[in-house]
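Okay, thanks everyone, let me get the slide up.

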Amino acid sequence: MNRSRVSQISSNFEDVKEKIEKSAGKAGRNSALIKLIVVTKMHPVDVLADAVQAGIRDFGENYAEEAERKAREAIQSEQETKDNAAYGELDANVGKAIAS
């Protein structure tokens, strides 16, 4: 665990949540109904583990194989993620892997 990175991730995450709350308020929306998903594309699993340490539980990855690998490595290092999401265009293989 990189304590400095955990702190920076936590601070950035809180900043984004505040921006979401302000924008939601301006738009007349309930910010509690907006889900913030941290995209881990192009980041190694140690960054994901630090994000977990920062309290983040919702992660997204647009390649099914990469999401599976990162989830497996995170679990092996005794880190758990609550939800995983995919973003972007999905091809048939990605859709099948996510659905299973």
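So, how many helices and strands does the secondary structure of the protein chain come to? It comes to 4 helices and 3 strands, and keep in mind that this is a predicted model. Going along the sequence, you read the pattern α-β-α-β-α-β-α. The protein chain has 100 residues, and 24% of them are buried. As for contacts between residues at least 6 apart in sequence, 60% join residues at least 24 apart.

Now, on to H1. It covers residues 3-27, and at 1.5 Å a residue those 25 residues should span 36 Å; the end C-alpha atoms are 36 Å apart, so the two agree. At the start of H1, look at Asn2: a side-chain oxygen there reaches to within 3.2 Å of the backbone nitrogen of Ser4. At the other end, just after H1, Gly28 takes a positive phi of about 75°.

Which residues of H1 are buried? Those are Val6, Ile9, Phe13 and Ala24. They pack against strand E1, 38-39, and helix H2, 45-53.

Let's stay with H2 for a moment. H1 and H2 pack at about 65°, axes 8 Å apart, and the crossing is right-handed. From H1, the contact is made by Arg5, Val6 and Ile9, and from H2 by Asp46, Val47, Asp50, Ala51 and Gln53. By class, that gives 4 nonpolar, 1 polar and 3 charged residues.

Note on methods:
Residues numbered from 1 in each chain as written. Predicted model: local features only at pLDDT ≥ 70, side-chain atom pairs only at ≥ 80, totals over all residues. Heavy atoms only, no water. Helix = DSSP H or I, 4+ residues; strand = E, 2+ residues; numbered from the N terminus. Expected span 1.5 Å × (residues − 1). Buried < 20%, exposed > 50% of the residue type's maximum accessible area, 1.4 Å probe, protein only. Contact = heavy atoms within 4.5 Å. Polar contact = N/O pair within 3.5 Å; in protein donor to acceptor, adjacent residues only side chain to side chain. Axes fitted to C-alpha atoms, helices over the stretch in contact; angles between N-to-C directions. Left-handed = near helix turned anticlockwise from the far one by under 90°. Nonpolar A, V, L, I, M, F, W, Y, C, P; charged D, E, K, R; others polar.
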